[in-house]
Amino acid sequence: MFIKKSGAVLLLVLALFLAGCSGGGTTTTNEAGKDEKKLTEITFSEPARILSLAPFYVAVEKGFLKEEGIKAEIASGGGGSQVIASVLSGQAQFAISGPRSMFVPLEKGEDLVAIQSLNSALTFEIALSDEYIEEKKINIDAPLKDRVAALEGASIGTNVVGDSGDIYTRYLMQLHGIDPSSVKMVKLAGTGPKIGGMKEGVVSGGISSPPFAAQVKDEGVGELVIKASEEPTYANMVWEVVFADREYLEENPDIAAKVVRAIGKGLEFTRENPKEAAESIASYFEGTDLKVLENSLIDLKDTFQGYGEMTKESWDNAQVPLVEFGDLTGITKEQNTEPGGIWTNEYIEEAFSK
């Protein structure tokens with residue numbers, strides 16, 4: 001009897017043990033492992049940490065990319081040249097940068113394609129020092145033409161002489177009948193050096209994307225005088241575009257669709273929830289006041305249009321100034337800006353057609 005009971009107990013223990021091995025906790029762990037393995041690692045290259053790229057950061061932090069099965073790695077820094085080097089070498093699958101970063105390699109015969117634009121307008125701001133504003137008697141509420149005229153004889157801090165900030169400022173002056181050679185551009189990379197240069201009187205002002213002007217005012221150094229998007233040409237322009245090598249896109253159309261869907265959701269979320277968006281990406285901008293981030297995203301709201309769709313006109317408006325000042329940009333050949341060439345909306349259409 002004892003032997004029979006012992007055998008029964010052993011069988012029962014064995015059954016419970018086997019059930020435990022195939023039961024809830026272990027299955028969940030295995031499934032979690034499978035889910036983690038399903039994530040595709042994609043590297044995105046950016047020239048620097050820029051607030052106009054906020055919808056992309058939001059797509060990372062709010063989990064929109066992860067929902068698409070993508071684990072995002074961000075390679076940041078080095079400017080446009082590093083962005084291109086990363087994509088062409090295969091170290092990064094996608095780049096997010098100003099259109100100039102694309103035009104330079106396109107001129108050299110590289111086959112790159114933009115699939116989304118994070119901004120529908122140029123986001124640059126020109127802030128001038130209080131001292132310069134007083135000296136020139138600038139009315140910051142005056143018509144745009146008068147404020148642009150105030151740049152004649154100014155010295156403006158920009159990240160690199162001949163960069164996009166430099167070129168689009170000179171073209172803006174040209175559009176308003178002001179000699180573009182009358183402005184002096186000074187290399188001051190980053191917000192801190194620009195503000196420091198304004199404090200010391202080294203430069204009259206600076207150009208950069210938000211939250212630059214808000215930080216200048218917060219420091220009590222100067223004021224926002226010109227928003228590039230006030231100029232109609234710049235109010236309809238691709239800016240901070242997502243692009244990749246054409247061959248990669250053709251071999252991975254599903255990945256491209258997932259990327260634009262996630263970033264498109266980031267655009268929508270940032271546009272509709274600037275406060276929560278600012279909170280989610282605060283770690284990307286350490287040292288910047290959260291309220292400044294939120295207000296800057298509100299100011300950028302009108303540039304976060306749709307899901308990042310592009311047009312021929314918006315590409316022409318980005319390209320013309322770069323070619324016009326080809327001696328500074330090295331871009332002398334106009335690219336065909338018809339749909340399906342250097343840009344396409346097809347991945348956005350596929351991603352949001354359902």
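**Close-up views of a predicted model**

View 1. Glu46 is buried, because its relative accessible area is 1%, under the 20% cut-off. The model shown here is predicted. Glu46 pairs with Arg49 in a salt bridge. Their closest N and O atoms are 2.8 Å apart. Arg49 is partly exposed, with 33% relative accessibility. Side chains of opposite charge can pair when their charged atoms come close. A search of the whole structure finds 14 salt bridges.

**View 2. A network of salt bridges around Glu68.** Four residues are linked here: Glu67, Glu68, Arg261 and Lys265. Start with Arg261 and Glu68, whose closest N and O atoms are 2.8 Å apart. Arg261 lies in helix 14 (residues 253-272), while Glu68 sits in the loop between helix 4 (64-67) and strand 2, so this pair ties together parts 193 residues apart in sequence. Now turn to Glu68 and Lys265. Their closest N and O atoms are 3.9 Å apart. Buried or exposed, what is Glu68? Glu68 is buried, at 12% relative accessible area. Arg261 is partly exposed at 21%. Lys265 is partly exposed too, at 26%.

**View 3. The open sheet with strand order 2-1-3-10-4.** This sheet has five strands and mixed pairing. Strand 2 (70-76) and strand 4 (112-119) stand at the edges. Each has a single partner strand, so one side of each is left without a neighbour in the sheet. From one strand to the next, the twist averages 25°. Strand 1 (residues 40-46) and strand 3 (residues 94-97) run parallel and pair over two bridges. Look for Phe44: its bridge partner in strand 3 is Phe94. Helix 6 (residues 100-107) packs on the sheet and touches strand 3, strand 4 and strand 10 (239-245). The direction of helix 6 makes about 170° with that of strand 4.

**View 4. The buried side of helix 5.** Which residues of helix 5 (residues 79-89) are buried? They are Val83, Ile84, Ser86 and Val87. These residues cover an arc of only 160° around the axis, which puts them on the same side of helix 5. An α-helix has 3.6 residues a turn, so residues three or four places apart point the same way. The buried residues of helix 5 pack against strand 1, strand 3, helix 6, strand 4 and strand 10. Just after helix 5 comes Gly90, with a positive phi of about 85°.

**View 5. The open sheet with strand order 7-6-8-5-9.** Here, too, pairing is mixed, in a sheet of five strands. Strand 7 (184-187) and strand 9 (222-227) are the edge strands, each pairing on one side only. Neighbouring strands are turned by 30° against each other on average, direction ignored. Strand 5 (residues 125-129) and strand 8 (residues 205-208) run antiparallel, joined by four bridges. Glu125 stands opposite Ser208 in strand 8. Helix 10 (residues 191-200) lies across strand 5, strand 6 (155-158) and strand 8. Helix 10 runs at about 165° to strand 8.

**View 6. Val225 and its contacts.** Find Val225 in strand 9. Val225 counts as buried, at 2% relative accessibility. Val225 touches several residues beyond four places away in sequence, including Ile126, Ala127, Leu128, Arg147 and Glu230. How many residues apart in sequence are Val225 and Leu128? They are 97 residues apart, yet 6.4 Å apart in space, C-alpha to C-alpha.

Note on methods. Residues are numbered from 1 along each chain as its sequence is written. This is a predicted model: local features need pLDDT of at least 70, side-chain atom pairs count only at pLDDT 80 or more; totals for chains, interfaces and linings use all residues. Side-chain values use heavy atoms; hydrogens and water are left out. Two strands pair if DSSP finds at least two bridges between them. Axes are lines fitted to C-alpha atoms, for helices over the stretch in contact, and angles run from 0 to 180 degrees between N-to-C directions. Contact means heavy atoms within 4.5 Å. Buried means under 20% relative accessible area, exposed over 50%, partly exposed in between (1.4 Å probe, protein chains only). The arc is that of the directions from the helix axis to the C-beta atoms. A salt bridge is a side-chain nitrogen of Lys or Arg within 4 Å of a carboxyl oxygen of Asp or Glu.
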